[in-house]
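Welcome, and take a moment to look over the sequence and the model. We will walk through a few of their features together.

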Amino acid sequence: GKIHKTTDGGKMWSSQTSNTYKNLRSIHFIDSLNGYVVGDNNSNLGSNIIKTTDGGATWVPLQTPTIHNLKSVYFIDTYNGWIAGEYGMLYKTTDAGQSWSFQNCGIDTISENCFNKIIFVNLHKGWLIGNLGKILYTSDGGQEWIEQQSGITSELYSIFFINELKG
């Protein structure tokens, strides 16, 4: 897995050592030092979740809670974060990725249900998107998820909100 970093607005890029050969799918930094990456879970190639606490100079693997590919990672602060991926996989951590708990979002964990992106605007309000035009919303940190109508049935890949109303 390749990770590149810039410190000059993209004029120059330097390669970071990720310590994994997996395909990496999503990266999220909480601040200039703390970041997470998730990706595919190819057997015998190590964890598909890696973490840095030094701005990407070193990456360490975290315990993986699933055998399925992960497509998205999002942390709201240094302790609270979510990962999402294939087969409707959705997990939350409250201890900086040391342990993960499965969150049931009401979607069957079958191959047609793939989550491509998760985003939160605060500790409670977040969105999860994926195939078949699925948009799910939570107002309680992921304990319950409500489907929002997208009006389409094709796959959704990205979502962004600047606050809880504008996205």
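Let us begin with the rings: a search of the whole structure finds eight aromatic pairs. Here, rings of Phe, Tyr and Trp (its six-membered ring) pair if their centres lie within 6.5 Å; planes under 30 degrees apart count as stacked, over 60 as edge-to-face and the rest as tilted. Before going further, note that this is a predicted model, in which local features need pLDDT of at least 70 and side-chain atom pairs count only at pLDDT 80 or more, while totals for chains, interfaces and linings use all residues. Residues are numbered from 1 along each chain as its sequence is written, and side-chain values use heavy atoms, with hydrogens and water left out.

F29 and W59 make an edge-to-face pair, 6.1 Å centre to centre with 85° between the planes. This pair joins distant parts of the chain, 30 residues apart: F29 belongs to strand 3, and W59 to the loop between strand 5 and strand 6. Helices (H or I, at least four residues) and strands (E, at least two) are DSSP runs, numbered from the N terminus. W59 is buried at 3% relative accessibility, whereas F29 is partly exposed at 32%. Buried means under 20% relative accessible area, exposed over 50%, and partly exposed in between (1.4 Å probe, protein chains only).

W82 and F120 are stacked instead, 3.5 Å centre to centre and with 10° between the planes. W82 sits in strand 8 (residues 81-85) and F120 in strand 11 (residues 115-120), 38 residues apart. W82 is buried, at 0% relative accessibility, and F120 is buried too, at 1%.

Four strands form an open sheet in the order 3-4-5-6, with antiparallel pairing. Strand 3 (24-29) and strand 6 (60-61) stand at the edges with a single partner strand each, so one side of each has no neighbour in the sheet. Two strands pair if DSSP finds at least two bridges between them; strand 5 (residues 49-52) and strand 6 pair over two bridges, and I50 stands opposite P61 in strand 6.

Which residues have the most contacts inside the largest nonpolar core? They are C105, I118, L128 and W145, in a core of 20 residues. Such a core is a set of buried Ala, Val, Leu, Ile, Met, Phe, Trp, Tyr and Cys residues joined through side-chain atoms within 4.5 Å. Strand 11 gives the most to this core, with four residues. Apart from it lies another core of 12 residues, including V38 and W100.
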